[in-house]
Structure formats: structure tokens, C-alpha cells
Amino acid sequence: PKIYDMIRPFLKGEIEVVGKKLIYKEGNKPISWNHVSASVLELMGILLSIREKQLILIEEPENQLHEKLKILMALFLYALSASNKVVITTHSQTISFTLAHLARTRPTKEEVLKLFEMLGVKGGEVLAEEVEKASNSEVRFYYVHDGIAEEMSIERVSREMPGTSEVMDKEIDWFNFLYAKRG
């Protein structure tokens, strides 16, 4: 139930148990699992596989998520670290950037609720409480490249995600070249 309450801000609808089945509803209307969004299905996979006090391994939690949901996912993963060991792999600048800043700033429940207000997120009380509890968690970052896992400082990750920033800089330089060439 606590994990579900932490994921609730991600969902437009509600998940209910009817008999031995899970039902997804928006308003009072049941939505077939064949017709729910890909992000809801991703979240269901996470919801159904996570238990407290476990080692949690998640590959690319950003799949199927819009930017706002990526921020919420980072908050959720950080919150999980209060009671679990969490290991993720990601290509998401948003998730790594958010996790690094959470590890640096260790926000209070009220500060997290302020972010939710700014993002228009409702129902995030439990998630905000769990983010605050995670402030004692140890967060480490590793950049894996060329068969090497290199530990990165939280300060460096909060500025850039290696690999991504270098490629983005090259793309921006290329676009500047194209625009300059076209006058």
C-alpha cells in the first residue's frame, strides 16, 4: 500500500482490486489494460515488483515517461532508498540530474510539496514524506563507458551527465554551424 501511495501522483486514475483482478479506472470508468497508456503499464510493472527492504534493480525507468513523470520517477526512486537498496541504469539526464540534486539538497516534505504545486501534481503527500525520510540515504553515481564503471561525484552529476552533455554540445555546435551557413 505504501508503494502504491508513492506512485499515486503518477496516475490519472486509480487501481482497484476486484475479486482477483486489478482494474484501472479513470473517474468511475474502467479502462481495459489494452487501452491504458504505456506509462501506466510501466508504472504497474514497477508497482507489482517492488517490496520494502529489498534490493531493487531497475533498467531505464524513464521508458514511456514524459519529462514531468521523469522528475516524479526520480523522486520515487530516491524515496525508495530510505528502505531499500536501489540500483538503476538510465540514459535520462532528467532522472540523473534530479537524483543528484536530491542527494545534494535533501529536501523536506514541505519543499517537495512546493515542487508538486509548481508541477500541478496532486496526491503526493506520501511520496513527499518518503523523500524527506531518504535524506539519510547514501547515493552514488557511476558512469559506465568502454567497459569501465567510473564513480562520479554528486557535484559533477548535478552539473552534467557525462556522455549526454558531450553529444548535446556537439549537436548544438552543428546546429549553430547550419544556421550560420544559412544566414
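Predicted model: local features only at pLDDT ≥ 70, side-chain atom pairs only at ≥ 80, totals over all residues.
Student: What makes the contact of helix 3 with helix 4, by class?

Tutor: Helix 3 brings E67, K70, I71, M73, A74, L75 and Y78, while helix 4 brings T94, I95, T98, L99, L102 and A103. By class, nine of the residues in this contact are nonpolar, two are polar and two are charged; Tyr and Ala count as nonpolar, whereas Glu and Lys count as charged.

Student: Why is helix 3 also called oblique to helix 6?

Tutor: The axes of helix 3 and helix 6 (residues 125-133) cross at roughly 55° and come within 8 Å. The roughly parallel class is for angles under 35 degrees and the roughly perpendicular class begins at 65, so helix 3 is oblique to helix 6. This crossing, of helix 3 and helix 6, is left-handed.

Student: Which residues make the contact of helix 3 with helix 6, and how do they divide by class?

Tutor: On helix 3 they are L72, L75, F76, Y78 and A79, and on helix 6 they are L127, E130 and V131. Seven of these residues are nonpolar, none is polar and one is charged, and Glu is in the charged class by definition.

Student: How do you know which residues belong to the lining of the largest pocket?

Tutor: A lining residue has an atom within 4 Å of a point of the pocket. The largest pocket, with a volume of about 960 Å³, is lined by 28 residues, of which V87, I88, R140, F141 and Y142 are the closest to its centre. Strand 5 gives the largest share of this lining, five residues, and by class the lining has 15 nonpolar, nine polar and four charged residues.

Student: What does helix 3 give to the lining of the second largest pocket?

Tutor: The second largest pocket holds about 370 Å³ of space, and among the 20 residues that line it, P9, F10, L11, K12 and L69 are the closest to its centre. Helix 3 gives the most to this lining, with three residues, and the lining as a whole divides into ten nonpolar, five polar and five charged residues.

Technical notes: Residues numbered from 1 in each chain as written. Heavy atoms only, no water. 1 Å grid on protein atoms, 1.4 Å probe; cavity = no way out; pocket = protein on both sides within 12 Å on 5 of 7 lines; lining within 4 Å. Points joined across faces, edges and corners; volume = space filled by probe spheres on them. Helix = DSSP H or I, 4+ residues; strand = E, 2+ residues; numbered from the N terminus. Contact = heavy atoms within 4.5 Å. Axes fitted to C-alpha atoms, helices over the stretch in contact; angles between N-to-C directions. Parallel < 35°, antiparallel > 145°, perpendicular 65-115°, else oblique. Left-handed = near helix turned anticlockwise from the far one by under 90°.
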